[in-house]
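Open the model in your viewer and keep the selection tool ready. The tour goes from one residue to the next.

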Amino acid sequence: MGSIVAENRKSLMLFSGRGFPELADEIGEALGVAPTPTDAYEFANGEIFVRYRESVRGSDAFVVQSISQGVNKWVMETLIMVDALKRGSAKRITVVLPFYPYSRQDKKHRGREPISARLVADLLKTAGANRILTVDLHTAQIQGFFDGPVDHLFAMDTLAGYVERKYAGRPLSVVAPDSGRVRVAERWTDRLGGCPLAFIHKTRDPLKPNQVVANRVVGDVEGRVCLIVDDMIDTGGTITRASDILYDSGAADVVVASTHALLSDPATEKLKNSRISELVVTNTLPLPAEKRLDKITVLSIAPLLARAIREVFDDGSVTTLFGA
């Protein structure tokens, strides 16, 4: 006999970073598999150590890490987790990043600037990642930065389903907070049955990050529930200014739907004092108790991520999750 024939078995193993372990636990519950026990800690000088308590040899490994506050720490931990899996002989490593870090730095605006979103992709590839699974990238072009498969999921169905149920029977307009989000807003109008589309014409000073000057609203908003759609809420400046101009233009209510709730200071204070009726977000990032305002509704992204992970493991089609 010239060869040894082995039964082809596959094993799905789930691994959780420390950025938001609760989300990994939710995903594990949906999949029916618990995250693998892991020892992870920092040395006195801040260096991170990771070791898995079980063998990972030959596994289809999924590393779930929410890159929340302390971005650089969690990015480094993710790279170390991937390296540990590679050296432990995992067969395939998929990094599940519900929020892709540095996604706003996807191109050069001026000379001598980095393209940090590309750098993150290169680091993941070098560490040993074979695939990336993420939700609502800031720009779709980031998919091309990684030299391997990228599964780009969309939270729109999760968010839109809630909005449809909550505001059924009321006239609705979808509002893009700036011209760059118009294409996304168009997809929302299609999803919500062809309601009117509006956008806020604004300017931004490239020398002053997180500072926006909103000018005027373009579109039909008078007497309507205005749904502002965006991929992330950071300091809250864009949406609070947009809500003011919408109310000044005759909007009946202003609701915001966003995938990633970064809510960096002073976002919570701005939202608390704003005229926004409701902010609907997903739990791609942890939302501490002190930031959970009554007007914030958090929807779970875990079922979508779990279904995508299962499709990847079964060599199925992630695209079918969106009816395509």
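Which backbone nitrogen does the side chain of Asp178 reach? Select Asp178 and Gly180: the backbone nitrogen of Gly180 is 2.9 Å from the side chain of Asp178.

Before going on, note that this is a predicted model, where local features need pLDDT of at least 70, side-chain atom pairs count only at pLDDT 80 or more, and totals for chains, interfaces and linings use all residues. Residues are numbered from 1 along each chain as its sequence is written, and side-chain values use heavy atoms, with hydrogens and water left out.

Stay on Asp178. It sits in the loop between strand E8 (172-176) and helix H5 (182-191); helices (H or I, at least four residues) and strands (E, at least two) are DSSP runs, numbered from the N terminus. Asp178 counts as buried because its relative accessibility is 16%, and buried means under 20% relative accessible area (1.4 Å probe, protein chains only).

Next, look around His138, in the loop between strand E6 (131-135) and strand E7 (150-153). Leaving aside neighbours within four places in sequence, His138 is in contact (heavy atoms within 4.5 Å) with Ser103, Arg104, Arg181, Asp231 and Met232.

Last, select Thr94 in strand E5 (residues 92-97). Thr94 is buried, because its relative accessible area is 0%.

Conventions:
Buried means under 20% relative accessible area, exposed over 50%, partly exposed in between (1.4 Å probe, protein chains only). A polar contact is a pair of N or O atoms within 3.5 Å; within protein, one must be able to donate a hydrogen and the other to accept it, and residues adjacent in sequence count only if both atoms are side-chain atoms.
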